[in-house]
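Reader: I would like to learn how to read the packing inside a protein model, one feature at a time. Could we begin with a single residue and then widen the view?

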Amino acid sequence: MLDHTLRAYKDDLLRPIAQQLRRTSPNTITVLALTIGLAAAGAAALQWYGVALVFWLLNRVLDGLDGMVARTHARQSDFGGYLDIVLDFVVYAAVPIGLYWGNQSSANALALIGLLSSFYVNAASWIYLSAILEKRAAGAHARGELTTVTMPRGLVGGAETILFYSVFLLWPDGLIWLFVAMTIMVLIGVVMRLHWARRNLG
């Protein structure tokens with residue numbers, strides 16, 4: 001929801017760094033982001049929440065940096081965009097699982113199942129819609145977007161995910177309520193996309 005508003009600020013922050021990385025492959029940065037993201041999940045499982053938070057935020061910086069490096073040095077590729085989103089999904093699943101591992105309870109298990117299930121439904125809701133829009137020549141290129149494919153908006157986007165996961169790590173004792181809150185917001189986003197698709201796809 002906030003991604004479009006914050007993108008310009010993010011790009012302004014990352015562009016000077018990207019300009020210094022002309023010899024670095026964007027895909028290398030993507031894989032490094034995965035490694036750091038999995039380290040965040042591992043630290044969360046060990047209840048090293050401060051360390052996990054640092055790794056999580058570093059993962060998000062690297063996730064933005066790979067695309068900026070690709071655009072700055074004309075090294076964009078469809079494979080790079082595909083790799084980026086696949087590895088993002090790995091990290092998005094791993095961090096909540098790590099948090100649960102460090103705070104195991106029946107209630108947290110149910111909340112985790114709900115959260116990951118909402119991610120599954122959410123992914124289907126935007127990935128298939130994105131494919132339809134690209135098929136209709138109404139995707140990223142037509143909209144002037146910088147991503148490989150268009151990413152139809154929901155209530156929870158990249159910025160909201162950063163915020164939610166950061167709060168997960170800052171307040172692990174409230175995990176069940178935080179998981180439930182994010183699940184509800186993600187599913188509201190799914191309904192929003194369905195409503196938009198019903199009105200615009202015919």
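Author: Let us start with Phe 119, which, leaving aside its neighbours within four places in sequence, is in contact (heavy atoms within 4.5 Å) with Tyr 92, Tyr 165, Met 182 and Val 186. This is a predicted model, in which local features need pLDDT of at least 70 and side-chain atom pairs count only at pLDDT 80 or more, whereas totals for chains, interfaces and linings use all residues. Residues are numbered from 1 along each chain as its sequence is written, and side-chain values use heavy atoms, with hydrogens and water left out.

Reader: Is Phe 119 buried or exposed?

Author: Buried means under 20% relative accessible area, exposed over 50% and partly exposed in between, with a 1.4 Å probe and protein chains only. Phe 119 has 17% relative accessibility and therefore counts as buried.

Reader: How should I read two packed helices?

Author: Two packed helices are described by the angle between their axes and the distance between the axes. Here the axes, which are lines fitted to C-alpha atoms over the stretch in contact, with angles from 0 to 180 degrees between N-to-C directions, come within 12 Å for helix α3 (residues 49-72) and helix α4 (residues 78-102) and cross at roughly 170 degrees. Because of that angle, α3 is roughly antiparallel to α4, a word used for angles over 145 degrees. Helices here are DSSP runs of H or I with at least four residues, numbered from the N terminus.

Reader: Which residues have the most contacts inside the largest nonpolar core?

Author: A nonpolar core is a set of buried Ala, Val, Leu, Ile, Met, Phe, Trp, Tyr and Cys residues joined through side-chain atoms within 4.5 Å. The largest has 32 residues, and Trp 56, Leu 99, Tyr 165, Phe 168 and Met 182 have the most contacts inside it.

Notes: Helices (H or I, at least four residues) and strands (E, at least two) are DSSP runs, numbered from the N terminus. Angles under 35 degrees count as roughly parallel, over 145 as roughly antiparallel, 65 to 115 as roughly perpendicular and the rest as oblique.
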